[in-house]
Amino acid sequence: MAGSTQWFAVRKALPQDRMMLLTVLSFLLPVLVWCLFSYAPFIWHPKVEITEPGGVSWFKAGMLVDRQVFSEQSLEARQSGVSLPEGDLANPVYLPAPHEVASAFYTAFTTEPKRKSEQWLHESLWHSITIIFWGFALSSLVGLPIGILCGTYAAVSKLNEPFIEFFRYLPAPAFGALAVAILGIHDGPKIAIIFIGTFFQQVLIVANTTRKLDMALLEASLTLGAKNLQLLFRVVIPGILPDLFRDQRILLGWAWTYLIVAELIGTSSGITWFITQQARYKNFDNVFAAIIMIGIIGLLSDLILSQLGKRLFSWDKAQAKS
Amino acid sequence: MSTLDLPSYLEQSNKVKDRFDKLKARETILEVKGLGKTFDSAQGTVTALKDINFKTHRREFVCVIGPSGCGKSTLIRTLAGLESPSSGEVLLDGKPVFEPGPDRGMVFQGYTLFPWLTVKRNVMFGLEMSGHSRSTAEGEAMDWIGLVGLDKFADAYPSQLSGGMKQRVAIARALANKPRILLMDEPFGALDAQTRSKMQANLLEIWRNIDITVLFITHDLDEAIYLADRILVLKAHPGEVNELIEVSVPRPRHFDQAISPEFLATKKRLEELIHPPLDDNDDEPGLSMIRMVPVGDEVENGDSSVDNSAMTAEVD
């Protein structure tokens, strides 16, 4: 079998070059599909963009009409002897072509806000990042200690986890109105939504991770004379740190998914405000650019955290693989 | 059962008797009195240990051996304080034991080094727990690491070590607390044969050089005879003391003794105790029911007297 190509060997690593190829393809393929839909007029393209209104009175250059409407109007124009309208096949306005979105990545940053009080894109993005940061930081500040204690002491677990288990089924956005009533209309309720969306899952996940620490390590430390808090601070916490770090990475991703809902609460703000505003102006290239930006920020922050994890927990074999 | 026609070397000479009299005259380190342990399970109460009595003396090396399911591990975990006895008691220097403590060092079969600490910090762990300053702990830890020959690996993490090295660190880590007794639960069970015999020699060397009493669990007869002064043989269902064998093989021990008459006599006795003639309470039901079914072509093995066709006929 030497040299043969095994693409589908169960749980075997692929050679480096193939892994690179597939990684690139995983991004390239969706873009390719998007390009096909945008640049190949015979695929989809349900609209016609008018270039020359001809004799049709209500047509204007740049207008998008359905194909059927266009052919009906052309037929009518031919019958009544006026000049024929001209146009190109086009996609609906909500599907901009890749090159338009690509240029929007630049122009969205340089376009001045329509009104003085409104924010530039980078300000909106930064505002979103601070909301995520505070929501996630506050949740972790409370959630990590409670989770670790739940995973360590059965008494803490039984006191907290049943209620949390119930509470985590309540959708965070359901608390929006309540959060506004308590915390006002600005950043407070938004941070609260991120907090609610993250906290309850966090406690349960951290508690579970804590419980997964090998009991043999605790027994070994007992025979070495470790007691009470020494067990917690010298064995439990250092032992679970790499797994905790991995959990936090996953939870941070969840926090991002609550962002849009959170930012719609009270006065719309941040990247969500930008997206809804641009959609209203029908600048869908900007909308796409903004959505993709959220993805890029998420992916980049996760990459940075994973590198940080490898550096911090060089002793942990599992960390090297993630 | 073929019997080697050996003189009974279990009949001790006066010299050997003398040696064990001296050993038993030493102070008692650990005493187990009427120890019993039961577990409640879905099938009812299971008796893991029943009325275990024995003593270990200062600087003695005791091995505990027995068939699987005889409660060897339960016994050592109870001695360590990780399980509490259902009846009877464990006395260390005459005082009852209730919980785990640094006075009973333990080496587990699985690797239990703290993966986030270097070798040095692992060995320092117990010393730091008992309030030694970092610098004192570090100095002492390095001495112990030297004793197990791992000076060069003091700053390595456990994941960088081989299985044998990990267990050497575990021994150093347990000894650094200066325990009264070292409890070892099949510590070399997961190692390959070659590493295991090196570890055995290494352990005996350490034991000779420091004042330590060792209680060592194993299921390997040769290992028990090679290491022990006395071997506590347990039997299963429930775990009870079957016999306490005094190993007459002289010290210092070396592997060549494995064919000495004393060694073989002890081994034969152990075999008889641990593998009694099969009865209905067999641990591996079904093994005796395996039939010989020839598969594939017959191979000329040079023994023409063996008639393979007979077996085929029997199955048919």
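How many Å separate the centres of domain 2 of chain A and domain 3 of chain A, taken over C-alpha atoms? The separation of these two centres is 53 Å.

The structure is a predicted model, in which local features need pLDDT of at least 70 and side-chain atom pairs count only at pLDDT 80 or more, while totals for chains, interfaces and linings use all residues. Residues are numbered from 1 along each chain as its sequence is written, chains are lettered from A and ligands numbered from 1 in the order in which they are written, and side-chain values use heavy atoms, with hydrogens and water left out.

**View 1. The domains of chain A.** Chain A comprises domain 1 (1–35), domain 2 (47–90) and domain 3 (110–321). These bounds come from an automatic or database domain assignment.

**View 2. The interface of chain A and chain B.** In this contact (heavy atoms within 4.5 Å), chain A contributes 18 residues and chain B contributes 25 residues. The size of an interface is often given as the accessible area lost when the parts come together. Here about 2,000 Å² is buried between chain A and chain B, with 67% of it on carbon and sulfur atoms; buried area is the accessible area (1.4 Å probe) that two parts lose on being put together, summed over both. Two salt bridges cross the interface of chain A and chain B, each being a side-chain nitrogen of Lys or Arg within 4 Å of a carboxyl oxygen of Asp or Glu. One of the salt bridges joins the side chains of R234(A) and E128(B) at 3.0 Å, N to O.

**View 3. The two domains of chain B.** Chain B consists of domain 1 (26–103 + 179–289) and domain 2 (111–178). Their contact involves 16 residues from domain 1 of chain B and 13 residues from domain 2 of chain B. About 1,100 Å² is buried between these domains, and carbon and sulfur atoms give 78% of that area. On the side of domain 1 of chain B, P179(B), M199(B) and I206(B) supply 39% of the area buried against domain 2 of chain B, more than any other three residues. The count of salt bridges between the two domains of chain B is zero.

**View 4. The lining of the largest cavity.** A cavity is a set of points, on a 1 Å grid over the protein atoms alone, where a 1.4 Å probe fits but cannot get out, and lining residues have an atom within 4 Å of a point. The lining residues include I225(B), Y226(B), R253(B), H254(B) and F263(B).

Key: On a 1 Å grid over the protein atoms alone, a cavity is a set of points where a 1.4 Å probe fits but cannot get out, and a pocket is an open set with protein on both sides within 12 Å along at least five of seven lines; lining residues have an atom within 4 Å of a point.
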